[in-house]
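Hi there,

Here is the structure I promised to pass on to you.

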Amino acid sequence: MKHSVYARIAAATVRANPRLYVPRVLAEAGLLGCFYILYTLSRDQRLAEALGGSYLPTMMGMGTVVIGLLSGILILYISRFLMKQRTGAYGLYNVLGMEKRHIIRVLFSESLFTSLPSLLLGLGFGVLFYKLSSLLICRMLRSGPVAGFYYLSAPTLLFPALLFLALDFLAFLTGSLSIARMKPVELLAQQHKGETEPRVKWPLLALGILTLGAGYGIALSDQSPLQAIFLFFAAVILVIVGTYCLFVSGTTFVLKRLRQNRRYYYQKRHMPAVAGLLFRMKRNAVGLASIAILATGVVVMLSTTVSLYSGVQDTMEANYPRQLYLSAYQVEDGEIRHVPFDTLQAVVSEAAAEYGLAVQDEEQTDMLTVSYLFRDDTLLTRTEAEGGWDLEELTGAIFITEDTYTRLKGQTYISTDRRRLDLDADEIAFCRIYSTVRSLSEVPETLTIGGKPFRVKETISYFPVSSNMGAMVDVIGVVVADQTVLDGIYRAQKVGYGDYASEYANRIGVSFADEEAVSAVGEAFSQTVVETLRKACPGELSYTLDTKWESFHNTLDMYGTFLFLGLLLGFVCLFSTVLVIYYKQIAEGYEDRARFQIMEKVGMEPKEVRETIGTQLRLQFFLPLATAAVHTAVAFPILLKLLKILMLSNTGLFVLCTLATFAVFSLVYVAVYQLTARTYYQIVH
Amino acid sequence: MTMLEVRDLEKTYSGRFGANPVRALKGVSFSVEAGEYVAIMGESGSGKTTLLNILATLDRPTGGSVLLDGRDLAGLKDSALAAFRRENLGFVFQEFNLLDTFTLRDNILLPLVLGGKNADELGKRLEPVAASLGITELLHKYPWEVSGGQKQRAAVARALITRPRLLLADEPTGALDSQSASELLRVFSRLNGEGQTILMVTHSIDAASHARRVLFIRDGVVFHQLYRGEGSNEALYQKIADTLTMLRTGR
């Protein structure tokens, strides 16, 4: 019987305070829903089969960890906030004769009454939107939809539910611990703690300026994309530290300066706002800094994933001038024998005929591709390098003869330079095909290859052989006089690398008349090409088949997965931001109520009171947004470099995506601000 | 010269959800001459707080009228009320009502700043007021750093800095210890001696005995009034006590 008394008290409390408890239930339900979706995506066998060897399950698994952590933090944050609001009432219960263990029972019932609806709602939300999510994914990864309607399985329902139940229990434990530790007088008199005047914390201010300056400095400094990867994380950490420090100390500093300026301060528009903000910022600095960082995170995450995804097509066009590249060699009696161009050509034509595809044109390349260390105008093999080497020295070099160069160039559409190279045996033409470390214009006067110096006679801006070496390292192209010179280089690297040495390659690149038709048959066609090749060249065979469609499929899979994860995590971050704002507003409202009543009594017009409230709220809530905008703008150059590594070099697209993401984020933020500001005004009046 | 005139003032609070309306004031009439010091006494629920709120233009009456310097307050638009309050009335409250985000200086200056006075004028006005209330040394402190008596003196300074026609005080000694209370009452008497018109609502006999005239309110009407005449504080104290006894015992 006694049991039900506490439960009834708890139920009445929850019902009487929808402003406090409804957002809590919705928040937990939302988090659980997202967690459920990610968790199920990582485990859904049918989806994994439909997508076929996708990154998706792994990435989603990583996503669940992130969302799990974030949920834990938020649920504890909310429960601590609710505890603070309820402390007065608990104190009263205590004074009226309830023992602490009874109060804890009330708290338990309250937790139960919010936890159970959250779980039910969250799972319902998750199951409902799971189908939508899987459809969206299949659409994004351009695979067929998964059969069947709802995917339901006991483990994927049970684990998220148990996890969130555990989180709620943890929140309850921390709550009951704080009740157990409090003295009844304190329980009643929690609100009236003496505040001290905010002081400028000089060490924090200095640290903030230093870290933010350093972070911004790194982001804006000139560095190679490769360096950018490592520096980016350093910069992110510096900026996060700087943001926290400056929100805590910098705002106090500025407001105090404003207050010292008597002419500015003693005006009716400024005085209440500045003094109010001084205390407000002291209380909220950490929360606001978190909002600023979350907001920056959301914008950066979404804009990069969106632009990667929408830039897939461009990236593919840039990297694959032709749709299929094939090279092959056989080993006979320990000798490497390249499959001749004619055979490769015949194989592709035969396979194409089988599918009714027409070959439009093709290019033939005999080339040598070697990985070197580029040091002091010298290409060294790794075995030659003394005292180790840096990743940044790593350079891929593609060698072709002048004959091949002129032949290919005659065929290709870029022919600005019709003059023959006329290279001597000790001369080369040099081209930076892809540069991540050094600048494109950095060209040596002489280049030593295999111990032999070559004069760089010409610098060419277009190299007719495209590189598929990846974007992490620099790639250079070298044109030599003739096969004899090339053979010399070949032998030199053979000495250096031994068994790991590079071999000549005969490679053909093929364009088909109807690109879409090839892509449609895609994988099957690739297989036919390989089978035909094996038939044509019986025995031990090594081949490299690089097709645009497979690369497209893989890239799309990766970026699509990134994007989906980015969207979901972005949603959760936004959601968290919203929640933190909401609860902050409410807490502020209760505290400010008395203050504004005094102002009206002293002769402030209600309109002016509204204005000064508005000024303070706007400054407080838009400062994080402005900070996020500045952070994003500063991060822009370094992000561009990172995207370059992922083969996206479309700056315009990235600018557009960033602006769009920021606009959408701001809209949601403003909407939430309006909504919560209204609740705030209702509390204050 | 009559500064404040209250005629047949009525205030009825209509109950929510069809509850019975409450008549807090049922026709209060009195007047205050310029330079007078009037105390209004009454028990809780007698209607004295309602009366003060109406005089302070924080609330509007449902009947009757209030005239300040012959001007009917009912004629003021809502938007003009705050400015009117700022320019003509000074307030002292039981709970001080100082803003905890302001130092005492800023609390005192607030009405002037709201009135659009410039920074130079602020200093000129502040000095004499702060000096006369003995809080010059405390101006840089925050409300929570000073005692109740000091807070109330800061509140009085805030009320006086606009040089109001009428100083309204609502239980000004209610939250003070006896020593601070008598100090404050001495300040009021001195201010009145300098010509300040004061209207104080209180249920402390001691506080009321400092006034020149005491009005008694019961059940929403002015029930009785006493004049100090040439008598001392003590004599007035005795008269008030007798009146209250009479009121309570039903004469």
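Within chain B, the element with the lowest mean pLDDT is helix 2 (residues 78–88), at 82, while strand 3 (residues 37–41) of chain B has the highest, at 93. Keep in mind that this is a predicted model, and that pLDDT is the predictor's confidence in each residue, from 0 to 100. For chain B, the mean pLDDT is 87, and 97% of the residues reach 70 or more. For the complex, the predictor gives an ipTM of 0.78 and a pTM of 0.73.

Let's stay with chain B for a moment and look at its sheet. Chain B has an open sheet of four strands, in the order 2-1-4-5, and the pairing is antiparallel. Which strands sit at the edges? They are strand 2 (22–33) and strand 5 (71–72) of chain B, each of which pairs on one side only. Strand 5 of chain B is joined to strand 4 (residues 63–68) of chain B by two bridges, in the antiparallel sense.

Is T12(B) buried, exposed or something in between? Its relative accessibility is 27%, so T12(B) counts as partly exposed. If you skip the neighbours within four places in sequence, T12(B) is in contact with P21(B), V22(B), R23(B) and T62(B). T12(B) and G63(B) are 51 residues apart in sequence, yet 8.6 Å separates them in space, going from C-alpha to C-alpha.

Now for the aromatic rings. How many aromatic pairs does the structure hold over all chains? The count is 30. Take Y36(A) and Y130(A): their ring centres are 6.4 Å apart and their planes are at 75 degrees, so this pair is edge-to-face. The pair links distant parts of the chain, with Y36(A) in helix 2 (residues 18–43) of chain A and Y130(A) in helix 5 (residues 100–140) of chain A, 94 residues apart. Both Y36(A) and Y130(A) are buried.

Then there's F279(A) with W144(B). Their ring centres lie 6.0 Å apart with the planes at 90 degrees, so this pair is edge-to-face too. Why does the pair join two chains? Because F279(A) is in helix 11 (residues 271–310) of chain A, while W144(B) is in the loop between helix 4 (119–132) and helix 5 (148–160) of chain B. F279(A) counts as buried because its relative accessibility is 1%, whereas W144(B), at 28%, counts as partly exposed.

Elsewhere in chain A, one aromatic cluster is made up of F621(A), F622(A), F665(A), Y669(A) and Y673(A). There are also arginines over ring faces: R86(A) lies over the face of Y90(A), 5.3 Å from the ring centre, and R610(A) lies over the face of Y681(A), at 4.4 Å from the ring centre.

Last up, the cysteines. Over all chains, the structure holds zero disulfides. C657(A) is in no disulfide, and the nearest cysteine sulfur, which belongs to C573(A), is 19 Å away. With a relative accessibility of 8%, C657(A) counts as buried. C537(A) is buried as well, at a relative accessible area of 6%.

Happy browsing!

Technical notes: Residues numbered from 1 in each chain as written. Chains lettered and ligands numbered in written order. Predicted model: local features only at pLDDT ≥ 70, side-chain atom pairs only at ≥ 80, totals over all residues. Heavy atoms only, no water. Phe/Tyr/Trp six-rings, centres within 6.5 Å; stacked < 30°, edge-to-face > 60°. Buried < 20%, exposed > 50% of the residue type's maximum accessible area, 1.4 Å probe, protein only. Lys NZ or Arg CZ within 6 Å of the ring centre and 35° of its normal. Contact = heavy atoms within 4.5 Å. Pairing = 2+ DSSP bridges. Disulfide = S-S within 2.5 Å.
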